[in-house]
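Let's take a friendly walk through the pockets and cores of this structure. Please have a look at the model first.

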Amino acid sequence: MKKNNLLSLLTACCGILLLAGCAEEYTPKPKGYNRIDLPEARYTRLQEQHPYVFEHSVHARILKDSSRIAEPHWIDIYYPQFKANIQLTYKDFNQDPKKFNALVEDARKLTGRHQIKAYAIEESQIQTPTGITASVFELEGEVPSQFQFYLTDSTKHFFRGALYFRTATANDSLAPVIEYLKKDVVHLLNTLHWTEQVK
């Protein structure tokens, strides 16, 4: 008898708890992201001797490209705080239209490799304040490079860049950093000169 009373009491308590738990509506919490403190944008002029000069972030370090195929004027703008870098390459095509067309084609192919994971690739052309034409590619989705570009004077100089992150963090979590670095890239584009122009 005591067992039945105890069992009945436990069943009643469980029933009350279940009813009380069902009374509240569940509201999902919004997705949260890590807080990212972005430093104030400040720039300095590139000090290394190259056929180009531009202003870059004081929060970044200029590193020589260490890949096995690197050429003398290939550099990285490395952001230690964000584990990101802007890879920059340069070619002098010496008024050879075939070389120029090959460089443009290579730049487009390198961007196109991300089509598998990209939701969209938006291309735009801009004229910089220094009179140089720039083609800019913004990529959306879980791609390793979210922003790529190339600049050329169509006669001699070909300058290409791509933003990369050295982290597995999802791009939606990196969105504020990506936007911050895009502004640095735009500043680079707007201040780039060929060295012969500033002598």
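## The largest pocket

Of its 17 lining residues, I69, W74, T89, L110 and R160 are the closest to the centre. Here a pocket is an open set of points on a 1 Å grid over the protein atoms alone, where a 1.4 Å probe fits, with protein on both sides within 12 Å along at least five of seven lines; lining residues have an atom within 4 Å of a point.

At least two lining residues come from each of β6 (84-92), α2 (97-112) and β10 (157-165), and α2 gives the most, with 5. Helices (H or I, at least four residues) and strands (E, at least two) are DSSP runs, numbered from the N terminus.

This is a predicted model, so local features need pLDDT of at least 70 and side-chain atom pairs count only at pLDDT 80 or more, while totals for chains, interfaces and linings use all residues. Residues are numbered from 1 along each chain as its sequence is written, and side-chain values use heavy atoms, with hydrogens and water left out.

## The second largest pocket

About 210 Å³ of space lies in the second largest pocket. Its lining has 13 residues, with L139, E140, G141, Q146 and I178 nearest the centre; 3 are nonpolar, 3 polar and 7 charged.

## The nonpolar cores

Which residues have the most contacts inside the largest nonpolar core? They are F54, F149 and F159, in a core of 32 residues. Such a core is a set of buried (under 20% relative accessible area, 1.4 Å probe, protein chains only) Ala, Val, Leu, Ile, Met, Phe, Trp, Tyr and Cys residues joined through side-chain atoms within 4.5 Å. The largest share, 8 residues, comes from α3.

Apart from this core lies another, of 10 residues, among them F93, F137, Y150 and F158. In soluble globular proteins, nonpolar side chains tend to be buried together.

Note on methods
Points joined across faces, edges and corners; volume = space filled by probe spheres on them. Nonpolar A, V, L, I, M, F, W, Y, C, P; charged D, E, K, R; others polar. Buried < 20%, exposed > 50% of the residue type's maximum accessible area, 1.4 Å probe, protein only.
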